[in-house]
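Thank you all for coming.

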Protein chains: 2
Amino acid sequence: MNTKKVVIIGGVAGGATAAARLRRLSEQVEIVLFERGEHISFANCGLPYYIGGTIEERDKLLLQTPEKMSKKFNMDIRTRSEVVAINRERKTVTVKKLGSDEIYEKNYDKLILSPGAKPFVPTIKGLDKAPSTFTLRNIPDTDKIKSYINMHNPKHATVIGGGFIGLEMAENLHELGVQVSLVERSRQVMEALDFEMAAILQDHIESKGVKLFLDDSVEEVIGQGEMLLLKSGKTLETDLIILSAGVQPESNLAETAGLALGNRKTIAVNEFLQTSDADIYAVGDAIEVKDIVSGQDCFVPLAWPANRQGRIVADSILGKKTSYRGTLGTAIAKVFDFTGATTGNNEKVLQRLGKPYLTAHIHPNSHAAYYPGAKPMALKILFSSQDGSVYGAQGVGEVGVDKRIDVLATAIKGGLSVYDLSELELAYAPPYSSAKDPVNMLGYVSSNMLEENLKTYQWHEVDRFVKKGKYFLDVREKAEVESGMIKGAYHIPVDDIRERHNELPKDKTIHIYCHAGLRGYLAFRTLSQLGFNVTNLDGGFKTYQMAKK
Amino acid sequence: MNTKKVVIIGGVAGGATAAARLRRLSEQVEIVLFERGEHISFANCGLPYYIGGTIEERDKLLLQTPEKMSKKFNMDIRTRSEVVAINRERKTVTVKKLGSDEIYEKNYDKLILSPGAKPFVPTIKGLDKAPSTFTLRNIPDTDKIKSYINMHNPKHATVIGGGFIGLEMAENLHELGVQVSLVERSRQVMEALDFEMAAILQDHIESKGVKLFLDDSVEEVIGQGEMLLLKSGKTLETDLIILSAGVQPESNLAETAGLALGNRKTIAVNEFLQTSDADIYAVGDAIEVKDIVSGQDCFVPLAWPANRQGRIVADSILGKKTSYRGTLGTAIAKVFDFTGATTGNNEKVLQRLGKPYLTAHIHPNSHAAYYPGAKPMALKILFSSQDGSVYGAQGVGEVGVDKRIDVLATAIKGGLSVYDLSELELAYAPPYSSAKDPVNMLGYVSSNMLEENLKTYQWHEVDRFVKKGKYFLDVREKAEVESGMIKGAYHIPVDDIRERHNELPKDKTIHIYCHAGLRGYLAFRTLSQLGFNVTNLDGGFKTYQMAKK
Ligand SMILES: Cc1cc2nc3c(=O)[nH]c(=O)nc-3n(C[C@H](O)[C@H](O)[C@H](O)COP(=O)(O)OP(=O)(O)OC[C@H]3O[C@@H](n4cnc5c(N)ncnc54)[C@H](O)[C@@H]3O)c2cc1C
Ligand SMILES: Cc1cc2nc3c(=O)[nH]c(=O)nc-3n(C[C@H](O)[C@H](O)[C@H](O)COP(=O)(O)OP(=O)(O)OC[C@H]3O[C@@H](n4cnc5c(N)ncnc54)[C@H](O)[C@@H]3O)c2cc1C
Ligand SMILES: CC(C)(COP(=O)(O)OP(=O)(O)OC[C@H]1O[C@@H](n2cnc3c(N)ncnc32)[C@H](O)[C@@H]1OP(=O)(O)O)[C@@H](O)C(=O)NCCC(=O)NCCS
Ligand SMILES: CC(C)(COP(=O)(O)OP(=O)(O)OC[C@H]1O[C@@H](n2cnc3c(N)ncnc32)[C@H](O)[C@@H]1OP(=O)(O)O)[C@@H](O)C(=O)NCCC(=O)NCCS
């Protein structure tokens, strides 16, 4: 291994990780890290919680300081230093020392780009005239929002964009006693979830008093930001605007240097995370990655990939060529008392790709129902109708969702099918799970579908079927039926099916449903064996009802 | 599929699950379930918590009643009915109706044995004369213990046996305000963990005021149980004795019927869970299973295997032959505020099998340290020194241990190696994890060992090395060193290593250590590249210290 000079642009998740790993691998390599801001290695993901006061000390956000990191890792860290050009022929970067006129060049053997992504700022009439508008990416942004709140004590805030940063900001502002409205262009929050799963979160968010404006957008900012005019014609009086309408790769530097770009102005890289210039690597939020499940190119600006890629690139540069196998898109957000999480492909993606798939919804308890504290969760799985490979999964609930999504992400990584999910021997004692864990249950339900022990219809088909006058059979108990049912459904409690099946038509498809799917499945089993043509509402009335809210 | 008569012996985890699945698969099959007790489908695992009052309603323990289950699944459930013989030639069982003189035969096409395991009762002098002695297996046992406590208001209880039932009973009795002593023959509780991991639990248990007598046993029960004489010579005054010294398979029926037995009087079965008589299947606590990791026969009396096997057997009987691929031994227990969990093989097993392995210990936080509520946990992994396959893992801590063990169990099932653990894309947001999840970290540390970027020594070698006068280097900060260090260690804080390495000997192996392993690793990297002969204490001073307590 030759002594090398590695220059890194960006000193946070991807950049700082690459730097640390480089030094661990080699005491010889010269490491120069340029960071435009004054901080390195800060906890981007903690910023909303510092604003809301959950994280009390600002210092906790700084995982490293330039001084400590330089000393620990013997590296040359230059903050407030923006790289303004990459001079590929000379293998140098041009650096501007911010707050001064100093501009200089620094040469490299290998260059790592980890410039991240910046908040996307939509063009909204009047937005530039509103001094109460903020985006959130780094510590200075955070300080600005915090001091604005301290000085102006806003009564009302509007969050534009319902992605995870928007949701976290809505929650944290609400924690501060601010009335929050959230405006989201699409019909749901947290785009990575499918609609009916996001609907559960939406219901919860509204129950906390946050106003949601879905399928809507801000058309105009009036005055100095005191009033917002929405596309729907509604108006919102507001004292504070948080723009969290997504992020876009910081690829201008790469573009100007003539490096190949991917979709959405991402930096294109090969499996070793090399750009079109073999001496320049790129990692993190700025790059295009391969979706492990679909094989398609995608853009996943999250911390795990940035950290992972940073380490991989350090290995590759120092001779241990390691490929990045792509991104699953595992993501999670705390949304008040709920958790929403996902891994792999969702239904929207599969539909876009035209991939044939099946899906199952279940509503298990987080742990044994008889042990205190068990909470229901909604789990959804998407899998191949051919061979049962798992394409993706989503979970929403109060407790234990993160665990199940991590198990499912691991299963996808291990190439496990839904049949294998039934075989996962997960840790069981009453405070933690059930003897058949929710993930096992996903495996059971899905394999029943593949083996044609169960045929289902989906929540989004119900209204259409009702309109068409299809035959519905409600197998819940009397009390449940009384608090709402599908219009015109016939009612026989599941335990009476064997005695009363002669009341049912043999010449029609019977659309069974129960509360969550299990009793409907039992009725399905009995009736199908009795020669009826049946299908069961996947996820039951609960899934349907959540999506309709 | 012919109409079949299936007889099931035992109506709880394995038996009731098999029965339910049989009916779901076929409306034709005749199902007769015999249960000696008066309850079926009860929550065995909830019993200790009902005694302690965490579970308040006794009814919650009954997941099904014979009446409801008969109706829902159209089956013939006979409680208080003990099968006293299997007449293989006639394909009948002889049944004794308890509380009456009635004895009759019932014929079967297929027979499923799910008789479970019964508490092992060691021969202790005087034990039979102590009316305050109880074992815990079922609801009547529970009622007896509860009413004894209500009537006698014991001040002190002795739990004999530190397996998970013993630990749960110790906790639950303590919750009731009873002073508890726990006597365990081996030198640790929770045998499935390795010693240093169990030690963390032991420390915690003692911090709650429960007295532990490890490496000790009850030699004699004096009087009517008021006094216990221990092997160590110690005596214990006690008002209540809980015997939880392990369980043994209920295989007498099978044995008498001439079915082949395995080790420890388990019922021997093939991969389809058929006994030596092809028409007789056996599942659950009573059978011998294959250890998935080692391929050895073993006995794992837990609820997940019983439930899984019950379902598999129903499938096989109704024509969908399904094999049971063996048991990983994933297990978990809540121990006061801590969780102890394990999957796969532990060090004791690997040593017994003579398998070459490596191990790594880490002490990560349950989630990002800057977000409130993060708690440290101890994680241990065991893996192949040849190819990095994961043999097993253990975790002890307050939060998030169950999640990591489930992920690791899934990884083992998926055949993932420690390298793959680094690639697991787990759900990250600050309340749930870190951008490098603890499981990723296990992957990183382990692959560093395999790639010889890190060489380690173990906690149990320290004292020996000290005695031999080996050279130790403490790289922690001054304040840490002052509160205790390895005798005679030299001290250089990690960040000063590059400046002060000339103080270190080149002719000796330097035994580095820090608090948890990370800083020692950094020092290792620097010093090894400077030509020093170094090794790092795996899991750091923390692991060593815990094991020494
Ligand atoms: C508020 C917020 C909450 C988040 N929460 C989560 C979460 O819960 N979970 C999750 O997985 N992810 C979360 N993320 C995303 C996560 O922080 C990013 O995915 C990750 O930081 C990306 O790492 P990176 O190295 O690519 O970019 P960054 O960490 O953004 O670092 C890039 C750095 O490069 C610097 N830079 C850019 N251009 C130049 C230049 N020309 N010269 C010098 N320096 C330059 C920038 O100043 C910046 O500091 C969150 C992000 C934010 C903003
Ligand atoms: C207190 C306690 C706590 C536990 N906690 C956990 C835990 O947290 N996690 C975990 O994984 N496991 C736990 N277990 C173990 C778990 O309950 C068992 O692994 C599981 O119940 C085994 O199922 P089985 O069907 O083999 O046997 P069982 O569930 O024991 O059922 C066997 C039944 O067969 C009946 N029977 C036996 N012989 C005959 C006969 N000849 N005729 C008629 N009936 C007969 C018995 O009366 C018994 O009811 C716990 C067990 C106990 C006792
Ligand atoms: C702080 C930061 C520089 C640390 O980077 P890092 O040193 O690579 O990461 P960690 O401190 O977690 O240490 C990981 C290393 O310690 C090793 N390690 C961890 N525990 C260990 C133990 N007990 N024994 C031995 N080694 C251990 C790992 O193997 C790994 O080393 P490797 O990469 O050489 O294999 C970087 O994570 C960062 O900048 N983070 C903030 C930005 C960010 O990630 N934002 C998004 C999330 S908020
Ligand atoms: C109560 C008991 C009889 C239930 O057995 P069971 O019916 O097999 O189990 P469940 O009620 O969990 O139901 C599982 C079934 O419902 C199906 N199911 C679950 N949720 C579903 C949904 N939303 N939609 C459709 N089907 C669903 C599963 O596919 C599975 O059916 P399958 O085996 O035919 O595939 C049995 O678990 C028992 O006796 N338990 C107590 C004893 C015990 O386990 N003790 C140890 C732990 S305390």
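When I speak of a polar contact, I mean a pair of N or O atoms within 3.5 Å. Please keep in mind throughout that this is a predicted model.

Let me start with ligand 2, which lies between chains A and B. It is surrounded by 32 residues, and the closest are Gly14(B), Glu35(B), Ser114(B), Asp285(B) and Leu302(B). With that cut-off in mind, a polar backbone atom of Ala13(B) is 3.5 Å from an oxygen atom of the ligand, while a side-chain N or O atom of Asp285(B) is 2.7 Å from an oxygen atom of ligand 2. For Leu302(B), a backbone N or O atom lies 3.2 Å from a ligand oxygen. Taken alone, ligand 2 exposes 980 Å², and the protein buries 95% of that. The elements of chain B that give two or more residues to this shell are helix H1 (13-25), strand E4 (81-87), helix H5 (164-175) and helix H8 (303-317), and E4(B) gives the most, with three residues.

Now to ligand 4, where residues from chains A and B surround the ligand, so this site is shared between chains. Here there are 30 surrounding residues, the closest being Asn448(A), Tyr521(A), Arg21(B), Arg24(B) and Arg311(B). On the side of chain A, a polar backbone atom of Gly517(A) is 3.3 Å from a nitrogen atom of ligand 4. From chain B, a polar side-chain atom of Asn307(B) lies 3.2 Å from a ligand oxygen, and an N or O atom in the side chain of Arg311(B) is 2.7 Å from an oxygen atom of the ligand. Taken alone, ligand 4 exposes 960 Å², of which the protein buries 89%. Which element gives the most to the shell around ligand 4? That is H1(B), with six residues.

Turning to how the chains are arranged, chain B can be laid on chain A with an RMSD of 0.0 Å by a turn of 180 degrees and a shift of 0.0 Å along the axis, which is the relation of a two-fold axis. Moreover, 100% of the interface residues of chain B are also interface residues in chain A, so the copies meet through the same surface.

Finally, the cysteines: the structure holds zero disulfides over all chains. Cys298(B) is in no disulfide, and the nearest cysteine sulfur, that of Cys45(B), is 18 Å away. Cys298(B) counts as buried because its relative accessibility is 19%, whereas Cys45(B), at 23%, counts as partly exposed.

Key:
Residues numbered from 1 in each chain as written. Chains lettered and ligands numbered in written order. Predicted model: local features only at pLDDT ≥ 70, side-chain atom pairs only at ≥ 80, totals over all residues. Heavy atoms only, no water. Disulfide = S-S within 2.5 Å. Buried < 20%, exposed > 50% of the residue type's maximum accessible area, 1.4 Å probe, protein only. Least-squares fit on C-alpha atoms with pLDDT ≥ 70 in both. Contact = heavy atoms within 4.5 Å. Near = heavy atom within 4 Å. Polar contact = N/O pair within 3.5 Å; in protein donor to acceptor, adjacent residues only side chain to side chain. Areas by Shrake-Rupley, 256 points an atom, 1.4 Å probe, with all protein chains shown as cover. Helix = DSSP H or I, 4+ residues; strand = E, 2+ residues; numbered from the N terminus.
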